[in-house]
Amino acid sequence: MTTGRRHLTLPNLDAQHEVFKLRLGASYKTPFIQSPKRVLDLGCGTGIWSREFAATHPSARVLGVDLSPPAERSIHSETPSNCTFIKVNFEDDWEFAHGEESFDFIYARMLMAGVRNWPRLFQQCYEHLSPGGYLEVFEGLFEMRAEDGSGPDDSPGIRWFALGAKYLTDNGMKWDRARDLLGQLRDAGFNIVEDMPKKMKLYPDTADPEADRERISTQYLNDMNDIVKNMTDKVCQDASSTLTPEEGRLLAEDATRDLTENCERRGYHTTL
């Protein structure tokens, strides 16, 4: 989730990348007919996806853009010669793409809290894609759910995420944006190749590779608890908040305990 993503430490971003890759079976799902020549990674974060794609597609030129690109974060990781990073606010006009070849593949993952105008972003993606090019968007819902039907009244974890979602909405970030994306992509001119919802469990999932099952679920649970820890002060300080800082601290403690101790019994999961 982008909101969580922006509050996680850098090593966790790379671990999160591994979780998504293992649970999806690959770092991207686009069914290329030919290997793309020019690739854009929107909101590249630490640059791990850009680097991996460049390493496995040596004939492609990969550009990662972010408000804080990897070079500024002193990430000590070898970058392939066909991969570059630049500082860009991709919600502005794409001056970095003017006068350049179109992109064959644009990748966007977990940008929810970093994008305020999705229709314009999709329009710019469409305008800068080559004929037959692909845009892959990987977004999620800022919503904790339980298989046993638990709700905010009996689950501190679900209650906290409901308050977090309200905070996002009150600050112009639509927490359920993923539900709107298909229509907005069509409006921009895209044909939908595949819509692939994925239930992300906070406990071991039998659909995950057996050897990595425990590690995947532990990392994702830690990511969710990091979101609670890092957003609670913002939620409580918001003008519309009904919680005092002390009430927020206690709820956050209850929420992380609930998500950790009851994740499998209650069947906690998010949806991507």
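1. How many disulfides does a search of the whole structure find? The search finds zero disulfides, a disulfide being a pair of cysteine sulfur atoms within 2.5 Å. Cys83 is in none, and the nearest cysteine sulfur, that of Cys44, is 8.0 Å away. Cys83 counts as buried because its relative accessibility is 6%, and Cys236 counts as buried at 11%; buried means under 20% relative accessible area, with a 1.4 Å probe and protein chains only.

2. Please keep in mind that this is a predicted model, in which local features need pLDDT of at least 70 and side-chain atom pairs count only at pLDDT 80 or more, while totals for chains, interfaces and linings use all residues. Residues are numbered from 1 along each chain as its sequence is written, and side-chain values use heavy atoms, with hydrogens and water left out.

3. Helix α4 spans residues 118-127, and its buried residues are Trp118, Leu121, Phe122, Gln124 and Cys125. They lie on the same side of α4 because they cover an arc of only 160° around the axis, taken from the directions from the helix axis to the C-beta atoms. What covers them includes β1 (38-42), β4 (103-109), β5 (129-138) and α6 (181-188). Helices here are DSSP runs of H or I with at least four residues, and strands are E runs of at least two.

4. An open sheet is formed by three strands in the order β6-β8-β7, with antiparallel pairing, where pairing requires at least two DSSP bridges between two strands. Three bridges join β7 to β8 (residues 268-271), and Met200 stands opposite Thr270 in β8.

How values were computed
Buried means under 20% relative accessible area, exposed over 50%, partly exposed in between (1.4 Å probe, protein chains only). Contact means heavy atoms within 4.5 Å.
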